[in-house]
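Reader: Please take one part of this structure and describe it closely, with the cut-off behind each term stated.

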Amino acid sequence: MINKKYLSIFLIGSFSALALPYFFFFPILVIGLILFISEIKQSKDYKDSFKIGLAFGFGYFLVGMHWIVFPLMVDKNYYVFIPFALFFFPLFLSFFYGGVAIITSVYLEKIRKFNQYYFFNSFVIALIFFFFEFVRSNIFGGFPWNLSSHVWGFNNNLVIISKYIGSYGLSFLTILWIVILSNFFSKKNYREFLIIFSIFPISLYLFGNLFSDEHLKKKIKIRLVQPNISQKIKWSKEHMQENLMKLKKYSVKDLNTSNPPNIIVWPEVAIPFFLNKEEDLKKYILANIPLKTYLITGALRYEKVGNDYKIFNSLYLLKQNEIVAYYDKVRLVPFGEFMPFSGILKLKKLTEGRKDFSSGTGRKELFIKDFKERIISFEPSICYEGIFPEKKLTFLNPNLLINITNDAWFGRTTGPKQHQIANMFRAIERGLPLVRVSNSGISNIIDINGKIMANLPLNEEGYKEIEIRLGSGETFYSKFGLYSLVYLIIFLFLFCLSLDIFLLKKKLKNFL
């Protein structure tokens, strides 16, 4: 028989996930975490605490990441894994909330005599929550998907603070805000609760209005091409000609030949061939593309290594029938691009072919010339590489970020929107405009303040062409990276402790 207590906590976690993209109903996350913390405080023992964490986390990740099963529906050989993915993936992630619940219970038990340190205790509990979110984002290759900061992604002004503290810093602030609210609510200080509930989002918004960055004067014209090709026919030889025709059609439709775009961008593996081995194909896809215009596309790359060979998921920079440069994807997707435990699981990866993709050698920047012969550089990324918070790499100095992806795997789920929001934070953190092109959407151009300048919605085919200003890449976060998070945590530690000492002295003075 299902325990009603854990079932109700599971439902609380499930509803809390509605704060994530696509819905962004952040008040329900506040309510959900307040109830979750309340259950932890009332837990009978550590075993009960752990079960509370598992129940909440399972509901939260089951709803928030339900899209994980959709790639398995492309190939009937993987149907058998759908129940396992639906159950075990959110169950694995729920262990992080189990850890939160146990450590929080231990801390609450140890500080019963120090409940008067109101804000400091909130800081410590928030740090416990954030620690497990950070570990989840970086362990086993990392999965920084649906961070607490992402609940603010519905308005770019609310997330501009990320250029100073990064998406992790905003996550910690968000968690601390909710824990403080939980403490006020549990003590029935409803007036203070409402004040603090309102102050935080208002402060984020005002900060965004006051501290948005200036763009560079240097401009570039870009065309996005979103073909919306079904995953079922993307690799089909019978549909190759049709698929290429669609890409070419939107590359030249209504093209102003006297003022063409500097760059035309196609999505990840738009060309499912080894482009470095297909001379005729290069000529075909570049036909009708203006001579001064660069084409960026995803395609496969073949490299002979002794008696063997490697294949790569690559981004190509093309111009005038030549491969100007390429970038090989570094972070590969398990099961999609390589099979983990291939000696045990006798299955091929989800993408075509039985041979696993190889990982690229590292991040790099690619260079183009605009029509005034000025050098412009961009930093490429492929698929979920764009969700990882990163400071500016010392050996790179790009003016632009370009991410190509293929979210056709996820159908009409919340997955593509969550993916797009995670990418948006990179533009703000790095102080660089982001060009994101997806096979089936969502494709857009985002400026250095996170504002969407051009957009192609999910499951629509078409193109967008726009002239944008470039960025300098000089933000506090791009310079200091995770050190900015450390600075923030130290500052909040001192602030919360000082605030408690001040309030205790004030109470003592009033008492005397």
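Author: I begin with cysteine 496, which is buried because its relative accessible area is 3%, buried meaning under 20% relative accessible area with a 1.4 Å probe and protein chains only. Cysteine 383 likewise counts as buried, at 14% relative accessibility. The structure holds zero disulfides, a disulfide being a pair of cysteine sulfur atoms within 2.5 Å.

The model is predicted: local features need pLDDT of at least 70 and side-chain atom pairs count only at pLDDT 80 or more, whereas totals for chains, interfaces and linings use all residues. Residues are numbered from 1 along each chain as its sequence is written, and side-chain values use heavy atoms, with hydrogens and water left out.

Helix α6 (residues 162-186) and helix α7 (residues 190-210) have axes that come within 8 Å and cross at roughly 165°; helices are DSSP runs of H or I with at least four residues, numbered from the N terminus, and axes are lines fitted to C-alpha atoms over the stretch in contact, with angles from 0 to 180 degrees between N-to-C directions. Helix α6 is therefore roughly antiparallel to α7, the term for angles over 145 degrees. By class, the contact of α6 with α7 has 16 nonpolar, one polar and one charged residues; Ala, Val, Leu, Ile, Met, Phe, Trp, Tyr, Cys and Pro count as nonpolar, Asp, Glu, Lys and Arg as charged, and the others, Gly among them, as polar.

Notes:
Buried < 20%, exposed > 50% of the residue type's maximum accessible area, 1.4 Å probe, protein only. Helix = DSSP H or I, 4+ residues; strand = E, 2+ residues; numbered from the N terminus. Parallel < 35°, antiparallel > 145°, perpendicular 65-115°, else oblique.
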